[in-house]
Structures are given as structure tokens and as C-alpha cells.
Amino acid sequence: MSYDTGSTAELLRARVVSWGFFRVLGIAPMIGRDFSEQDGQRGSPQVAIAGHTFWQQRLGSRADVVGKPIRLDGAEYTLIGVMPPAEGPLERRFDLFLIQQFTPPTRKGPFFYSVIARLPGGADRSLATSELQAMNKALFPIWKSSYQDDKSTWNLEDLKTNLVGNVGTLAGLALAAVGLVWLIACANASNLLIARVTSRRQELAVRAALGASRGRVLRYLLAESAVLATGAVGLGVAVAATGMQLLHTQGATYFPRTQEIRFDAPMMWLMAGLALSSALIFGLVPAMHATGGSVDAALRSGRTVAGGAGVHRLRRSLVAAQFAIATPLLIVAALLLTSLEQLRQVDLGFDTTRVLTGAIRLPGAQYSNNDRVQAFWPGVAAPD
């Protein structure tokens with residue numbers, strides 16, 4: 001939809017809704033009023049509600065714009081309200097909302113309308129579905145020629161399912177892959193710490209000989225692991241911030257509502273929990289190993305010890321665990337890359353070299369009938 005300021009025109013994203021749209025969603029305008037039933041009646045003055053971002057960027061965050069006219073597609077609309085900043089997925093992508101004024105159809109229809117409804121508390125969903133199917137049976141004899149078969153019907157779908165789609169499996173696989181990589185990192189860090197504390201057995205034995213209890217030495221080593229985990233989390237947050245920007249721009253094709261993903265208080269608490277869990281996972285085994293054994297034997301050795309057969313078995317087990325976890329991840333990654341390469345080589349059936357597509361949207365006020373639309377196109381010629 002074209003927004004005309006008098007000196008410039010700008011293409012905006014507008015959504016046409018019924019008068020009860022925001023009431024069903026439980027949203028009220030921050031400034032001004034909501035659509036009314038009178039606004040949706042045929043012949044009523046055309047009104048619009050501005051999205052919060054549009055109000056800030058185009059209208060200067062002024063409260064006095066409510067009640068003022070704006071020109072959209074060459075027609076005059078009255079701005080009656082402004083949406084709050086906490087917008088949901090159904091309204092975030094739109095700059096303006098216009099009221100739908102239904103007119104009596106001149107043919108079968110209207111078609112291609114999406115309906116959102118809220119069931120009252122305690123309502124039986126199956127009963128609502130049955131009512132919709134009964135309505136469909138009543139309408140089917142009228143629209144029979146428009147249907148391919150009599151099995152077409154209406155059905156209910158959760159709004160969450162409609163918006164998010166079937167991404168649960170994909171998100172679960174991604175989360176599982178992240179978890180496996182995390183375990184690999186913990187096992188690798190644990191292996192390195194075992195080698196480090198093994199070389200520090202004499203130092204730790206001196207601490208024990210000077211009166212440090214096993215619990216105190218254990219806490220000391222776990223504190224070192226916590227510092228290491230905190231540094232890793234800080235680096236991970238920096239990488240995640242960059243990845244989040246890519247997800248906002250490139251990930252919308254694969255995941256819905258990516259713009260709502262952000263660092264907030266629950267996310268930071270989760271990061272703190274992961275740091276603590278990581279410190280316990282990769283720090284506890286080396287710490288238990290370092291505080292075990294004979295203090296006298298470590299002091300009498302007089303040199304750095306490399307550890308016994310038990311240490312070597314433990315380290316080999318950790319390496320084997322890393323390979324066991326990494327192998328399926330590598331196989332899945334290889335299969336994914338192979339599938340992507342095969343998709344790139346699919347023949348589209350036409351040559352896409354130097355081919356561009358475009359669209360022209362004619363203002364409804366100036367081109368309200370088919371004759372004017374047909375008269376416009378002969379003046380548009382493609383260059384040689």
C-alpha cells in the first residue's frame with residue numbers, strides 16, 4: 001500500500017482486518033481507539049490504526065496524529081489509534097491496519113479469508129469442530145460446483161501451530177546436536193584438566209600436608225573449573241550474539257518468529273546454569289582424581305608424576321566417548337551437505353540467467369474498476 005506524505009510516496013505493509021481482530025487477540029491500542037462494528041459496515045468512513053514502529057518512524061511519535069487524515073493508495077483514511085510496542089507475530093510485520101468493509105458478493109465467495117476465533121473458557125473443541133462441519137454441509141449444496149469433492153470442509157487449528165508450524169522436530173534435532181557438541185567440549189576439557197591436575201599432584205599433596213582438607217582442595221579445583229567455564233560462556237555469548245543477527249536475517253525461512261529471539265533475563269539465567277553445570281561436569285572428575293590417592297606417595301616421588309594405569313584408562317575412555325558422540329554428528333552433517341548440493345543441482349526447467357521479476361501495485365482509489373486497470377497495462381512496455 002502506498003503512503004503519500006504530499007512530497008514523497010512510500011510502499012508500506014498494511015493488513016486488512018475485521019473490526020473484532022484486536023479484541024480476539026486481547027490487544028488494545030496504546031493511543032486512540034480500536035475498530036468498532038460501525039467502522040466495518042459498508043459506506044462508513046475509512047479508518048486505519050498505525051503500528052508502533054510506523055508511528056515512531058513516520059509520524060514522529062506524536063500523540064496528536066490520532067484523528068488526523070493520512071493518504072493511502074490515493075484515498076483518505078482517518079488514523080484512529082496507535083498499537084503498543086509489545087506487538088505479537090500477527091501484527092509485528094505490518095505498518096498499518098485497515099478495517100475490512102464487507103460488500104455483498106456478486107458471485108460465490110468470498111474465498112481466501114483466514115479466520116481467527118477464541119473459544120470461551122471450558123469450551124469443547126470437538127463441539128466447535130462439529131458446528132463448523134455442519135455449516136459446511138449446509139453451504140455445500142450451494143457451492144457444489146466449486147468443490148472438487150464433498151470431502152472439503154473447515155477445521156480448527158491452534159493459532160500456535162498455524163504460526164510456528166511443524167518445527168518441533170527440526171528444533172529438537174538442532175537442540176540435540178548442540179547438546180552433543182556441549183558434551184564433547186566437556187569431555188575434552190575434562191581430559192585436559194586430568195592431565196593438568198596429574199602434573200600438579202605434588203603441589204596438591206603439599207596443600208594437604210599443610211592441613212588443607214580434601215573438601216577444601218576439591219572446592220579449590222572446582223573454582224578453577226568454574227573460572228574456565230565462565231570464560232567459555234562469555235566467549236560463547238559473543239559468538240551467539242553474532243549468530244543471532246544471522247538468525248534474524250537468514251533464519252526466518254527455516255524457523256518462525258526469529259525476530260522474537262533475544263537475550264533476556266531467562267536466557268542469562270540459563271547461561272549461568274550451563275556454566276555451573278559445565279564446571280561440575282568437566283571439573284568434578286579431575287578434582288576427585290587429584291584429591292585421591294596417598295599424600296605420602298605424592299610427596300616422596302619428588303617429581304611430577306604422570307599418573308597410573310587408572311588415569312590412562314580414564315583418559316582413553318573420555319577420548320573414546322568424544323569419538324562416539326562426534327561420529328553421528330559428522331555423518332548427519334555430511335548427509336545434510338550432500339542433500340543441499342543435490343538441491344542446488346535440481347533442474348528448474350528454465351534458464352534463470354539474468355532473469356528478474358517485479359510487481360506493480362496499482363492504487364485502488366485510481367484503479368477501482370477493471371476498465372482502468374486494463375487501460376494501464378498497454379502503456380507498460382518491456383525493454384528490448
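1. A salt bridge here is a side-chain nitrogen of Lys or Arg within 4 Å of a carboxyl oxygen of Asp or Glu. D39 is buried, at a relative accessible area of 6%, whereas R33 is partly exposed, at 37%. For these words, buried is under 20% relative accessible area, exposed is over 50%, and partly exposed is in between, with a 1.4 Å probe and protein chains only.

2. Before going on, a word on the source: this is a predicted model, in which local features need pLDDT of at least 70 and side-chain atom pairs count only at pLDDT 80 or more, while totals for chains, interfaces and linings use all residues. Residues are numbered from 1 along each chain as its sequence is written, and side-chain values use heavy atoms, with hydrogens and water left out.

3. How many salt bridges does the rule give? The count comes to 7. One of them joins the side chains of R23 and D34, at 3.6 Å from N to O. R23 sits in helix 1 (residues 21-25) and D34 in the loop between strand 4 (31-32) and strand 5 (47-50), so this pair ties together parts that are 11 residues apart in sequence. Helices (H or I, at least four residues) and strands (E, at least two) are DSSP runs, numbered from the N terminus. R23 is partly exposed at 44% relative accessibility, while D34 is buried at 13%.

4. Another salt bridge pairs R125 with D158, whose closest N and O atoms are 2.8 Å apart. This pair links distant parts of the chain, with R125 in helix 3 and D158 in the loop between helix 3 and helix 4, 33 residues apart. R125 is partly exposed, with a relative accessible area of 35%, and D158 is partly exposed too, at 41%.

5. The loop between helix 3 (125-143) and helix 4 (159-164) also holds L156. L156 is partly exposed, at 28% relative accessible area.

6. Is A48 buried or exposed? A48 is buried, with a relative accessible area of 0%. This residue lies in strand 5. The C-alpha atoms of A48 and L96 are separated by 6.7 Å, and the two residues are 48 apart along the chain.

7. Now the second largest pocket, which has a volume of about 1300 Å³. Of the 31 residues that line this pocket, L175, V178, A240, M271 and L274 are the closest to its centre. Helix 5 (168-199), helix 7 (214-250) and helix 8 (265-291) are the elements that give two or more residues to the lining. Helix 7 supplies the largest share, 11 residues. By class, the lining has 27 nonpolar, 4 polar and no charged residues.

8. On a 1 Å grid over the protein atoms alone, a pocket is an open set of points where a 1.4 Å probe fits, with protein on both sides within 12 Å along at least five of seven lines, and lining residues have an atom within 4 Å of a point. Grid points are joined across faces, edges and corners, and the volume is the space filled by probe spheres set on the points. Ala, Val, Leu, Ile, Met, Phe, Trp, Tyr, Cys and Pro count as nonpolar, Asp, Glu, Lys and Arg as charged, and the others, Gly among them, as polar.

9. On the surface, L336, L337, L340, L343 and V346 form a nonpolar patch with about 520 Å² of accessible area together. Such a patch is made of residues with over 30% relative accessible area and no salt bridge, nonpolar side chains (Val, Leu, Ile, Met, Phe, Trp, Tyr) being joined within 5 Å. The areas come from the Shrake-Rupley method with a 1.4 Å probe. L336 belongs to helix 10 (residues 309-344) and is exposed, at 52%.

10. Finally, two backbone angles to look at. Most residues other than glycine have a negative phi. S61, which is not a glycine, has a positive phi of about 55°. S61 is in the loop between helix 2 (52-58) and strand 6 (69-72) and is partly exposed, at 36%. R354 likewise has a positive phi, near 55°. R354 is placed in the loop between helix 10 and helix 11 (370-376) and is exposed, with a relative accessible area of 83%.

Definitions and conventions:
Patches are made of residues with over 30% relative accessible area and no salt bridge: like charges are joined within 9 Å, nonpolar side chains (Val, Leu, Ile, Met, Phe, Trp, Tyr) within 5 Å.
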